[in-house]
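I opened a new page for this chain. My notes follow the order in which I looked things up.

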Amino acid sequence: MESAVYFIDLRATFKESFVSKLARLVETAGLSEVVKPRDLVAVKVHFGERGNTAFIRPVFVRPVVDAVKRFKGRPFLTDANTLYAGARSDAAGHLVTAIENGFAFPVVNAPLVIADGLRGKSEKVVSVNRKHFREVYIAAEIDQADVLISLAHFKGHELAGFGGTLKNVGMGCASRRGKLAQHSSLSPKVKRKKCTGCGECVARCVQSAISLVKEKAVISTKACIGCGECILVCPVGAIQIQWNQSIPVFLENMVEYTLGVLQKKEGKALFVNFITDVSPACDCVPFNDAPIIRDIGVVASRDPVAVDQVSVDLVNREPGLPESCLSTHTGPGEDKFRGIYPKVDWEIQLDYAEAVGLGTRRYRLERI
Ligand code: SF4
Ligand code: SF4
């Protein structure tokens, strides 16, 4: 059976602004069925890394918060700490970064709660009994919330191909231990012959896991957390992982975590993807390169698989923007994410999510 996915474009009039359309979108997608009076509602967003501006604008989060309140729910905005040792790796730094990026109470009308606590250790162990994990580690406050509303910025991702709802939920709602477990299949290696000793990877690795020895990069397997940032930054492609083996496991890990997050949220979750500012890489990097396609709009669904499938289809039917990093796969209908990350098969996340029963790749798109 196909799932309903609702879509708003970016057109607006005096009668209805884009912000008002957002409220209508989440209400049409079933907010009143998901939120009951006094429910604690976790609105999962990405507050953005310092220097990144592609994350969802706080003023677009507010209509969702206000809609939850109309149904007498008690919303809070949330995210879990990062695995890498940056500004958002503990709750204090994370909250400061969020407020600096505009997620202040007067703007979003809801409190901010870092879901896995001060140092990312506040977690709930959830049993999933799947191919890769028997148990997963979920950020405690998201696990305890009655409702989960995922607001995801849909964009490219260096390890997942694209990042949308499955990534926002599976990776984004995991505690630091959970994130580490998901990355455990990724161990980058340096091809010494290719390495020019430029040191860019050394400067980028926030774990200080890379050093230059005799003008060649060397990665400490003990310090490396498998975040993949060095792969992205190396100008000559000298840092590689076993793409064929590592990426499928990484993507399936993420899906098993999504399953764990949603285990207690049956009928109590809603998924929204903003297909705007579709940048090539994750919002965790401290910049965002030019978007690869024009802004399209926003989609919402009760099905986390269908909402990502629609989003990838909507992106790929667009022509690539000429002043972006896309140099191949630029035509309408061509796979933009393969154009940026040719070695990442993003279909795995959707296939496996469907196989474990999270939803369906078949959808009915309703423009509202
Ligand atoms: S960025 Fe690439 S070329 Fe430069 S030091 Fe690191 S591995 Fe070598
Ligand atoms: S993947 Fe690369 S950037 Fe990330 S921790 Fe390991 S060495 Fe550092």
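Which radius of gyration would a compact globule of 368 residues have, and what does the chain have? The rule puts the globule near 21 Å, and the chain has 20 Å, which agrees. I took the radius over C-alpha atoms; the rule is 2.2 Å times the number of residues to the power 0.38.

This is a predicted model: local features need pLDDT of at least 70, side-chain atom pairs count only at pLDDT 80 or more, and totals for chains, interfaces and linings use all residues. Residues are numbered from 1 along each chain as its sequence is written, with chains lettered from A and ligands numbered from 1 in the order in which they are written.

I then looked at burial. Buried residues (20 or more other C-beta atoms within 10 Å of their own, C-beta atoms being placed from the backbone) make up 51% of the chain.

Next came the cores, sets of buried Ala, Val, Leu, Ile, Met, Phe, Trp, Tyr and Cys residues joined through C-beta atoms within 7 Å. The largest has 96 residues, and Val26, Val43, Val64, Leu270 and Ala300 have the most contacts inside it. Apart from it I noted another core, of 10 residues, including Cys201 and Cys234.

Last, the ligands. I counted a residue as near if its C-beta atom, placed from the backbone, lies within 6 Å. Ligand 1 has 14 residues around it, with Cys195, Cys198, Cys201, Ala217 and Cys234 closest. Ligand 2 has 13, and Cys205, Cys224, Cys227, Glu229 and Cys230 come nearest.

Definitions and conventions. A residue is buried if 20 or more other C-beta atoms lie within 10 Å of its own, exposed if 12 or fewer, and partly exposed in between; C-beta atoms are placed from the backbone.
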